[in-house]
Amino acid sequence: MKAWGAAAATALLAGCGWISFRKPPTDDELRVERELRAYYTQVKSAFAVGNSQALAALFDTSITRPMTKPDIESWGEKFFGEHGRARFILRSFSLDEMGAGRAVTTIRYRVETPDGKGSFDGMERDELIKKGGRWYTVSWEKILEGR
């Protein structure tokens, strides 16, 4: 009898699926998430064309952590010069914080170069601000880095 009861309970629970008690996202949260995903599409485009200036343009002029905007452009010139165009693949995205014109995201990504020698992946927390209708990264922090 106990075996039948356990089997029935398992069958019932398996049919229930996942129940979330998290509050549904607001319209503002959904809009900001779409805008930020579009921002990362711009990152993808900058890597796809191998343009260090387009990549640096996605960062705010005030950025200092972990690099300044000129450092980012210099890194891009060296990276694209050595490896050419690359694929930026956004593996996961989460919107961790959101305020008036400010957001914090956590992303997991992979960059693949044609030669494979410059390919890398990682996970980072990005702080972004919105100015003039556009999003810019003001800082980022590596959480995980790989080759």
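## Ground rules

Buried means under 20% relative accessible area, exposed over 50%, and partly exposed in between (1.4 Å probe, protein chains only). This is a predicted model, where local features need pLDDT of at least 70 and side-chain atom pairs count only at pLDDT 80 or more, while totals for chains, interfaces and linings use all residues. Residues are numbered from 1 along each chain as its sequence is written, and side-chain values use heavy atoms, with hydrogens and water left out.

## Aromatic rings

Let's start with the rings. Phenylalanine 120 is buried, with a relative accessible area of 14%, and phenylalanine 79 is buried too, at 7%.

The whole structure holds 13 aromatic pairs (ring centres of Phe, Tyr or the six-membered ring of Trp within 6.5 Å; planes under 30 degrees apart are stacked, over 60 edge-to-face, the rest tilted). Phenylalanine 79 and phenylalanine 80 make an edge-to-face pair, 5.4 Å centre to centre with 75° between the planes. Phenylalanine 79 also pairs with phenylalanine 120: their centres are 6.0 Å apart and their planes sit at 85°, so this is edge-to-face. One aromatic cluster is formed by Phe47, Trp75, Phe79, Phe80, Phe88, Tyr109 and Phe120.

## Aspartate 60

Aspartate 60 counts as buried, at 5% relative accessibility. Its side chain joins that of lysine 131 in a polar contact of 2.7 Å (N or O atoms within 3.5 Å; within protein, one must be able to donate a hydrogen and the other to accept it, and residues adjacent in sequence count only if both atoms are side-chain atoms).

## Glutamate 33

Glutamate 33 counts as partly exposed, at 27% relative accessibility. From C-alpha to C-alpha, glutamate 33 and serine 94 are 8.5 Å apart in space, yet 61 residues apart in sequence.
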